[in-house]
Amino acid sequence: MLQNSYTVTRTESWLMRTFPRLSSLLALKKWKAYVLDESRSGLQFLITVVLLLNSSCILLESIQDLYNVHIADEDVWGWMEFGFSTIYAIELCLKLATIPFTKYWMKTANRFDFFVTIILLSVSIVWSLPSVYIPQEALRYFTILRLLRLLELVKQTKRFNFISTCLGNIARGSLPVMMSVFVATAIFSILGSNLYGGLVYGTNPLLQDSQYFTSNLDVLNFNDFPMSLMTLFAVLVSGGPITDLIEGQGLVGVGGNTVSTVFFFTYYYLVLLVLFNVFIAFIIEGFIIGFSSQGLVEKEG
């Protein structure tokens, strides 16, 4: 019991608690059952149909823009999107009128839908005002917002829900390890800038016939802090120290290949073999827990 955390929420929305007569007049309890109903007779199924229609309209509009095929006028597409935005706003109002806000706000998906719906409705209202002119080129950028709202369709698939849940758990659990990897990489970047900073340039005679130059690896250097971060990130994702890079830094740096080898392999053992593998372990554990919980849910179902 001590390992679990619980959040206490109200059973009725603010509107139902504050204005009971109005909620009774509007039959909000029946609307609440309709909102929470996940079958084909509920609100979720209706919104799914609307999202499918909206995705079809976006597809046709994109075909018209890409292939210069006249399907409908720009105003027609605009008013159709205004209608879809209004439907999404009505859905949001129904949920907020029947579900307690604290319970609604607990889910990240609801927060996402809330902000996207508000932005979509605001843009649609501004577009419909006769005194405000929005160029068609600018309206195309707001298609991205409409596509974000269509993620609701993908969210309803079990595979997407499973992957997004696992990734969320992994991100929350591995954040300290990721910060440790970044801090360790930043420390080695500062050290590398002090050891090899400003020594790699096109006319350096020590590097003219080196494999470091002929392999075009001179873009990986420690001349400044951002370049040092990029160099160590390349070492991190490539699976270990790069031989030509070690040799090149050894040709220009103090201590030769001995110091450069110690520098790169210390970073390799400390950050890659220890910290980065701990991060990989979090990823594996997150998916294992996800598969286990999914199996338990299916058995209970």
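**View 1. Gly198 and the end of helix α11.** Just past helix α11 in this predicted model, look for Gly198, whose phi is positive at about 80°. Now step back into the helix itself: α11 covers residues 158-196 and has a kink at Ser174. The bend there is about 55°, and the proline Pro176 follows shortly after Ser174.

**View 2. Gly78 in helix α5.** Here we visit Gly78, a residue of helix α5, which spans residues 74-98. Is Gly78 buried or exposed? Its relative accessibility is 15%, so Gly78 counts as buried, the cut-off being under 20%. Follow the chain for 50 residues from Gly78 and you reach Ser128. In space, the C-alpha atoms of Gly78 and Ser128 are 8.4 Å apart.

View 3. Ile63 is partly exposed, because its relative accessible area of 32% falls between the 20% and 50% cut-offs. As a handy reminder, an α-helix has 3.6 residues a turn, so residues three or four places apart point the same way.

View 4. A disulfide is a covalent bond that links the sulfur atoms of two cysteines. How many disulfides does the structure hold? The count is zero. Cys57 is buried, with a relative accessibility of 10%, whereas Cys93 is exposed at 52% relative accessible area.

Definitions and conventions
Residues numbered from 1 in each chain as written. Predicted model: local features only at pLDDT ≥ 70, side-chain atom pairs only at ≥ 80, totals over all residues. Heavy atoms only, no water. Bend = angle between axes of the 7 residues up to and from the residue. Helix = DSSP H or I, 4+ residues; strand = E, 2+ residues; numbered from the N terminus. Disulfide = S-S within 2.5 Å. Buried < 20%, exposed > 50% of the residue type's maximum accessible area, 1.4 Å probe, protein only.
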